[in-house]
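Good morning, and thank you for coming.

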Amino acid sequence: MEGVPVEFGFHFTYGPPSTPWRIGPKAKPFQLFTVGGMLLVGINRESDYRGNFSLGAIIGAFENAIILGVGMDLYRGIAVRGPSGPGTETIPTGPIGWAVSRRGEVTAENVFFVVTANIGDVLKRLSGSSEE
């Protein structure tokens, strides 16, 4: 029985201090856009080969109230049917899986998209209320 997958993610953003990235008065600037990256690492408790390692790029808007990202699995082990039955073999996918294994491949499933919304910030900005 497979449990809840364990995955760790880290992201970083950089907000350039000049226009058009940042607007408004110098005393209280508004960070319109940020850029950054993300790293995701997945661990499979059943097999070390079925984990994943992914990298991506992100762009944040409105002081990171909304973040959009696109990434790619550099390695992901996929369970497939083997001689002993379903899920007994692992096929490596992603560029690293393709490079280190004769059975490895890069598939469309290795690409992913991320959307993050800080609902509290979005509602606060839409309502016009702010904490001073």
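**Overall layout**

Of the contacts in the protein between residues at least 6 apart in sequence, 44% join residues at least 24 apart; contact here means heavy atoms within 4.5 Å. Please note that this is a predicted model, in which local features need pLDDT of at least 70 and side-chain atom pairs count only at pLDDT 80 or more, while totals for chains, interfaces and linings use all residues. Residues are numbered from 1 along each chain as its sequence is written, and side-chain values use heavy atoms, with hydrogens and water left out.

The protein has two helices and eight strands, and from the N terminus on their order is β-β-β-β-β-β-β-α-β-α. These elements are DSSP runs numbered from the N terminus, with helices (H or I) of at least four residues and strands (E) of at least two. The accessible surface comes to about 9,100 Å², of which 64% belongs to carbon and sulfur atoms; such areas come from the Shrake-Rupley method with a 1.4 Å probe, and for residues only the protein chains shown count as cover. Of the 132 residues, 29% are buried. Buried means under 20% relative accessible area, exposed means over 50%, and partly exposed lies in between, with a 1.4 Å probe and protein chains only.

**Around Ser54**

Let us now turn to the interior. Is Ser54 buried or exposed? With a relative accessibility of 1%, Ser54 counts as buried. Ser54 lies in strand β5, residues 52–61, and its side chain is joined to that of Asp73 by a polar contact of 2.6 Å. A polar contact is a pair of N or O atoms within 3.5 Å; within protein, one must be able to donate a hydrogen and the other to accept it, and residues adjacent in sequence count only if both atoms are side-chain atoms.

Asp73 also forms a salt bridge with Arg76, the closest N and O atoms being 2.8 Å apart. The term requires a side-chain nitrogen of Lys or Arg within 4 Å of a carboxyl oxygen of Asp or Glu, and by this rule the count comes to one. Side chains of opposite charge can pair when their charged atoms come close. Asp73 is buried at 2% relative accessibility, whereas Arg76, at 26%, is partly exposed.

The largest nonpolar core consists of five residues, namely Met38, Leu40, Ile58, Ile67 and Phe112. Such a core is a set of buried Ala, Val, Leu, Ile, Met, Phe, Trp, Tyr and Cys residues joined through side-chain atoms within 4.5 Å. Leaving aside neighbours within four places in sequence, the contacts of Ser54 include Met38, Leu40 and Phe112.

**The surface patch**

Which residues form the nonpolar patch on the surface? They are Tyr14, Phe33, Val35, Ile59, Phe62, Ile66, Leu68 and Val115, with about 700 Å² of accessible area together. The elements that give two or more residues to this patch are β4 (33–43) and β6 (66–82). Patches are made of residues with over 30% relative accessible area and no salt bridge; like charges are joined within 9 Å, and nonpolar side chains (Val, Leu, Ile, Met, Phe, Trp, Tyr) within 5 Å.

Ile66, in strand β6, is partly exposed at 31%. Val35, in strand β4, is likewise partly exposed, at 30%. Val35 and Gly60 are 25 residues apart in sequence, with their C-alpha atoms 6.2 Å apart in space.
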